[in-house]
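Q: Please take a close look at one part of this structure, the packing between helices and the aromatic rings around it.

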Amino acid sequence: GTAFNEKKETKFEIHSIEGLKLFNSHMSDFSYVEGYQPSQADMVVFQQFKSTPDAVKYPYASRWYHHINSFGNGKTKQIELIQAFEISLEPMTV
């Protein structure tokens with residue numbers, strides 16, 4: 001019970017205007033909710049959105065939303081696997 005619920009929680013509650021403002025402010029400095037690559041935290045916040053954030057009022061949240069949304073279902077599963085197994089994304093060498 002408890003550990004599962006704690007893992008799913010995030011510090012952002014975007015259902016309120018104030019929460020969305022805080023999230024937008026956070027995303028002005030970061031590409032992802034936590035760290036330097038997509039993680040489960042991005043999925044948790046992304047799933048809170050019922051629609052795309054207003055790009056005029058919340059430009060950073062909107063940029064992040066479109067970025068995460070562009071991954072599609074396949075990438076979402078990859079993000080979950082990366083988080084679960086703590087695998088880092090290595091750049092491909094040519």
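A: The following account takes the helix contact and then the ring pairs. This is a predicted model, in which local features need pLDDT of at least 70 and side-chain atom pairs count only at pLDDT 80 or more, whereas totals for chains, interfaces and linings use all residues. Residues are numbered from 1 along each chain as its sequence is written, and side-chain values use heavy atoms, with hydrogens and water left out.

Helix H2 (residues 17-27) and helix H4 (residues 59-69) have axes that come within 7 Å and cross at roughly 75°; helices are DSSP runs of H or I with at least four residues, numbered from the N terminus, and axes are lines fitted to C-alpha atoms over the stretch in contact, with angles from 0 to 180 degrees between N-to-C directions. H2 is therefore roughly perpendicular to H4 (65 to 115 degrees). Leu20, Phe23, Asn24 and Met27 of H2 meet Pro59, Tyr60, Ala61, Arg63 and Trp64 of H4, contact meaning heavy atoms within 4.5 Å.

The whole structure holds seven aromatic pairs, counted where ring centres of Phe, Tyr or Trp (its six-membered ring) lie within 6.5 Å; planes under 30 degrees apart are stacked, over 60 edge-to-face and the rest tilted. Phe46 and Trp64 have ring centres 6.3 Å apart and planes at 65°, so this pair is edge-to-face. Phe46 lies in helix H3 (residues 40-46) and Trp64 in helix H4, so the pair ties together parts 18 residues apart in sequence. Both Phe46 and Trp64 are buried (under 20% relative accessible area, 1.4 Å probe, protein chains only). For Phe49 and Trp64, the centres are 6.0 Å apart and the planes at 45°, so that pair is tilted. Ring pairs link Phe12, Phe23, Phe46, Phe49, Trp64 and Tyr65 into a cluster.

Notes. Helices (H or I, at least four residues) and strands (E, at least two) are DSSP runs, numbered from the N terminus. Angles under 35 degrees count as roughly parallel, over 145 as roughly antiparallel, 65 to 115 as roughly perpendicular and the rest as oblique. Buried means under 20% relative accessible area, exposed over 50%, partly exposed in between (1.4 Å probe, protein chains only).
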